[in-house]
Amino acid sequence: MEDCIFCKILKGEMPSHAVYEDEHILAFLDIFPHTKGHTLVVPKKHGETVFDLDPHMREVLMSGVQKTMERIDSVLHPDGYNVGWNHGKDAGQVVPHLHVHIMPRWKGDGGGSMHSIIKNPGDEKPEEVAKLFM
Ligand code: AMP
Ligand code: ZN
């Protein structure tokens with residue numbers, strides 16, 4: 001996509017600091033890192049969310065995330081990771097080109113877990129929500 005900043009990075013029209021690259025994936029350092037080594041894993045084919053990925057790319061992306069983590073692990077030796085993505089504007093997605101955040105974590109770094117993203121479960125109990133899936 002022409003006006004997509006991540007497509008521009010992928011085409012080499014904007015700079016980035018690569019951490020891992022293969023045929024289908026580029027992983028580069030986030031320009032406004034939340035932790036040391038905060039990395040974005042980006043499919044080379046433009047798509048806004050995981051719903052745009054074909055089955056092959058779903059596997060390739062997961063494998064790219066793991067290979068990128070292995071690379072970060074061997075260079076930075078963090079104590080842990082938070083890994084995930086913001087899906088959709090209302091969930092915090094700003095760049096409309098799918099990207100998986102890898103945030104390396106260190107003991108005592110002051111950060112939280114996935115559970116600190118939101119605590120607003122609504123009034124329905126899990127048992128009631130479960131009925132919607134039957
Ligand atoms: P999200 O809110 O999940 O869409 O996150 C977008 C991420 O892209 C943010 O963490 C930004 O800091 C990062 N970002 C934006 N522009 C660039 C860039 N040119 N190079 C690297 N990271 C970027
Ligand atoms: Zn794009």
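I started with Thr-49, which sits in the loop between β3 (39-43) and α2 (55-76); helices (H or I, at least four residues) and strands (E, at least two) are DSSP runs numbered from the N terminus. The model is predicted, so local features need pLDDT of at least 70 and side-chain atom pairs pLDDT 80 or more, while totals for chains, interfaces and linings use all residues. Residues count from 1 along each chain as its sequence is written, chains are lettered from A and ligands numbered from 1 in written order, and side-chain values use heavy atoms, without hydrogens and water.

Thr-49 comes out buried at 13% relative accessible area (buried is under 20%, exposed over 50%, partly exposed in between; 1.4 Å probe, protein chains only). Leaving out residues up to four places away in sequence, I found Thr-49 touching His-87, Gln-93 and Leu-98 (heavy atoms within 4.5 Å).

Next I looked up the zinc ion (ligand 2). Cys-4 (SG), Cys-7 (SG), His-46 (ND1) and His-97 (ND1) coordinate the zinc ion at 2.1 to 2.3 Å (donors are N, O and S atoms within 2.8 Å of the metal, 3.2 Å for Na, K and Ca; water is not among the atoms, so sites may look incomplete). In sequence, the spacing of these donor residues reads C-x2-C-x38-H-x50-H. His-46 is in the loop between β3 and α2 and His-97 in the one between β4 (80-84) and β5 (100-105), so the pair ties together parts 51 residues apart in sequence. I noted His-46 as partly exposed at 26%, and His-97 as buried at 0%.

Last, I checked Ile-117, in the loop between β5 and α3 (126-131). Ile-117 is exposed, with 64% relative accessibility.
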